[in-house]
Amino acid sequence: MKADPTLPSEPYIGGNVRQRPLREIVEHAQQLTYNLGAGTAAGTAHLWGFCRSCEFAELCRGGDTFTAHSFFDRRGNHPYCHHRALVQDRRGLRERLAPRMPASGRPYDNGVFEIIEEGRDDPWPGTDPLRFTAEDIRWPPDWPADDGTAGVEVGAVPVRNPPPDGLDGAAPLLPRSPWSSSFSLMSELIRAKRALDRAEREEAEGALPLERPHASHQVSTTP
Ligand code: SF4
């Protein structure tokens, strides 16, 4: 029994139901009950780093256990918290994670990372493997560039997959483009989905009778 299947195994396995009663594990195993204690001093005793001094510490209690433990081998300090990033940004700071110890390789294990606090506008280290940009994407050789010149004959209609039976034309290909284009594409898709939802709602509402007849007013159709 684990507190949550996604959590690292070693620290969060509370017991085996073949060896201990389920109730005993759920109610008493420290690995499953660690998150109790909200509203008491014990509820925030595990916090450290930024989360310890956070104004929302008592309410939030360090955010996501999985993320914190996966990075630092202990919970109580969430490096990917949006509030934290905004506070640090206002202070002119940013945080970077650097790997320090690799995971052992066992299922649901974790390594250890270090938080490096630095100036918000400091240059990024050129060798940081965790800083991923659009330039780092390795595109398949046949993926066309925005101008359609890479990987396909200019003017040709790129075909990635044959169109489904009954549909004419080639399946559209997403362009090789910076993320900004992907965001605008996503916005288009969301807008289209909302328009479809709205049309379906209106159709459903239009199909409903405006007023349901009262039982005593119904006309019998039997002779
Ligand atoms: S996860 Fe964020 S909001 Fe929660 S305690 Fe940590 S810094 Fe504060």
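**Group meeting: a predicted model with a ligand**

Of the 223 residues of this protein, 11% count as buried. Buried means 20 or more other C-beta atoms within 10 Å of the residue's own; exposed means 12 or fewer, partly exposed is in between, and the C-beta atoms are placed from the backbone.

Some ground rules. This is a predicted model: local features need pLDDT of at least 70, side-chain atom pairs count only at pLDDT 80 or more, and totals for chains, interfaces and linings use all residues. Numbering starts from 1 along each chain as its sequence is written.

Confidence next. pLDDT is the predictor's confidence in each residue, from 0 to 100. The protein averages 79, and 73% of the residues score at least 70. A contact here means two C-beta atoms, placed from the backbone, within 7 Å. Where pLDDT is low, the predicted coordinates should not be read in detail.

Now the layout. The protein has eight helices and two strands. Helices (H or I, at least four residues) and strands (E, at least two) are DSSP runs, numbered from the N terminus. In order, the elements run α-α-α-α-α-α-α-β-β-α. Of the contacts with a separation of 6 or more, 38% join residues 24 or more positions apart.

To the ligand. Which residues surround it? Phe 50, Cys 51, Cys 54, Phe 56, Ala 57, Cys 60, Gly 62, Gly 63, His 78, Cys 81, His 83 and Arg 84. Near means a C-beta atom, placed from the backbone, within 6 Å of the molecule. Helix H4 (49–52), helix H5 (57–60) and helix H7 (82–90) each give two or more residues to this shell. The shell divides into seven nonpolar, four polar and one charged. For the classes, Ala, Val, Leu, Ile, Met, Phe, Trp, Tyr, Cys and Pro count as nonpolar, Asp, Glu, Lys and Arg as charged, and the others, Gly among them, as polar.

Next, Gly 76. Gly 76 sits in the loop between H6 and H7. Is Gly 76 buried or exposed? Buried, with 20 other C-beta atoms within 10 Å. Beyond four places in sequence, the contacts of Gly 76 are His 46, Leu 47, Trp 48, Cys 51, Gly 62 and Ala 68. Gly 49 is 27 residues from Gly 76 in sequence, yet 8.1 Å away in space, C-alpha to C-alpha.

On to H6, residues 65–72. Thr 65, Ala 68, Ser 70, Phe 71 and Phe 72 are buried there. The buried residues of H6 pack against strand S1 (93–101) and strand S2 (112–119). S1 and S2 pair in the antiparallel sense over eight bridges; pairing takes at least two DSSP bridges. Ala 98 has Glu 114 in S2 as its bridge partner.

Last, backbone angles. Most residues other than glycine have a negative phi. Arg 61, in the loop between H5 and H6, has a positive phi near 60 degrees. Arg 61 is buried, with 21 other C-beta atoms within 10 Å. Just after H6, Asp 73 has a positive phi of about 65 degrees. Asp 73 counts as partly exposed, with 18 C-beta neighbours inside 10 Å.
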